[in-house]
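Take a look at the protein model below.

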Amino acid sequence: MLPLLLLAGLLYAENYPYRSDVLWVTVPDHADWLYRTGEKAEVEVRLFRYGMPVDGLEVRYTLADDMLPADRTGTLRLRDGRATLPFGTMKEPGFRDCTLTAELGGKTYTHHIKLGFSPERLEPFTAMPDDFRDFWERNKAEAAKFPLTYTRERAEEYCTDKVDCYLVRLQLNRRGQCVYAYLFYPKHAQKGSCPVVLCPPGAGVKTIKDPLRHAYYAEEGCIRMEMEIHGLDPRLTDAQFREISNAFNGRENGYLTNGLDHRDHYYMKRVYLACVRAIDLLVSLPEWDGRNVVVQGGSQGGALALVTAGLDPRVTACVANHPALSDMARYTTGKAGGYPHFFRQPGMDTPEKLRTMAYYDVVNFARLITAPVYMTWGYNDNTCPPTTSYIVYNVLAGPKEALLTPVNEHWVSEETERGQLRWIQRHLK
């Protein structure tokens, strides 16, 4: 189990805060930030204030394996605003993380950088249970017994001269559990003309933020479903969502730990099956082109995209950014594991919880995917670490492509997101 002090050690500030007077620049001696195991790395460290190099300042550094406590510390002295850091190496595949700290003008400034060592050789700790396929086929069949039931209401506030938008409430079972989604159509979409794209959400209990953000999918001919997973009307106010989250999504009672002691009672079972039911809805639309079913998302949404692609053979393409829920139990080996980093909390390594995790780990769904997959991730990510993104990518057996963006933390650029649509368009049947 990881020490509890790890939590404090991982609370890094963002590398490039908006409107900061201070800028860190770290330049590894390999342009791609990648090395072979046993190969020593060096990083040039630069620090600027108001765009001018800071001279003579002491910089403290710590080095650690990805997501783990520091195992080496030291100091550097800047000369003409720069210094060389002997980064070291790794004997086994993985990532090393260096955190830099400097005091300047009475404030503390931090920065970090991760370098990879033979990450293409990273392998998962999580094994697939013998009855993994049977478990999910049985649950999919049970969920499918409930007839496809949904309401659709025009959302005028998100309609434009190019896009029509509808708010959908999709009922999942006779208990009345549901999910909500915004459906975006190209204006005047014709029967049988549109690929469909399912976009599950990132982690949290929250509204569907800025639904028009990806309206360009519909503008370019796709039907896109922006989905939530908790059965909460996205028209609730931000204050109402905060109250709900505070009441039911704390560290000790969060939805990602809810029911984790038993595979049949885990909260995410309904979520995974809801994604399949969302595909049922999308392929029932008369405007669907009858061929193309795409899943796309980031973080928890990236995990759900991969899960859906593994569960549902109707998926023809998958796009995932830095997927969460990946090789989660790897922390039990003393190495980096995936979000939500269960093992920061005591008591999460029981046999029952570990058994359940294996049925919900993205690694095991990735093993089943046959559709083309496009993944992107950054190395500086401390939410969904590069170690687990590589592990997921390495187990994919079908067609796959990766966009590696080492400097990225837990974000992707607008250009990267638009590039994902271009990738999807190239893979339409």
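This report goes from the whole chain to single residues.

**Ground rules**

This is a predicted model: local features need pLDDT of at least 70, side-chain atom pairs count only at pLDDT 80 or more, and totals for chains, interfaces and linings use all residues. Residues are numbered from 1 along each chain as its sequence is written, and side-chain values use heavy atoms, with hydrogens and water left out.

**The whole chain**

The protein chain holds ten helices and 18 strands. Here helices (H or I, at least four residues) and strands (E, at least two) are DSSP runs, numbered from the N terminus. The radius of gyration is 23 Å, close to the 22 Å that the globule rule gives for 429 residues, so the protein chain is as compact as a globular protein of that length. That radius is taken over C-alpha atoms, and the globule rule is 2.2 Å times the number of residues to the power 0.38. Along the principal axes, the C-alpha atoms fill a box of roughly 70 × 50 × 45 Å.

How much of the chain is buried? Of the 429 residues, 56% are buried. Buried means under 20% relative accessible area, exposed means over 50%, and partly exposed is in between (1.4 Å probe, protein chains only). The accessible surface of the protein chain comes to about 18,700 Å², and 50% of it belongs to carbon and sulfur atoms. Such areas come from the Shrake-Rupley method with a 1.4 Å probe; for residues, only the protein chains shown count as cover.

Now for contacts, meaning heavy atoms within 4.5 Å. Take the contacts with a separation of 6 or more: residues 24 or more positions apart account for 71% of them.

**Arg79**

Find Arg79 in the loop between β6 (72-77) and β7 (82-88). Is Arg79 buried or exposed? Arg79 counts as exposed because its relative accessibility is 55%. Leaving aside neighbours within four places in sequence, Arg79 is in contact with Asp55 and Gly56. Arg79 and Asn380 are 301 residues apart in sequence, and their C-alpha atoms are 26 Å apart in space.

**Cysteines**

A disulfide is a pair of cysteine sulfur atoms within 2.5 Å. By this rule the count is zero. Cys318 is in no disulfide: the nearest cysteine sulfur, in Cys275, is 11 Å away.

| Residue | Relative accessibility | Class |
|---|---|---|
| Met67 | 1% | buried |
| Ser299 | 10% | buried |

**Backbone exceptions**

Most residues other than glycine have a negative phi, and most peptide bonds are trans. Some places here depart from that pattern.

Met67 is not a glycine, yet its phi is positive, near 70 degrees. Met67 lies in the loop between β5 (58-65) and β6. Ser299 also has a positive phi, about 65 degrees, although it is not a glycine. Look for Ser299 in the loop between β15 (288-298) and α6 (300-311).

Which residues does a cis peptide bond join? The pair is Tyr339 and Pro340, with omega about 15 degrees. Pro340 lies in the loop between β16 (317-321) and α7 (351-360).
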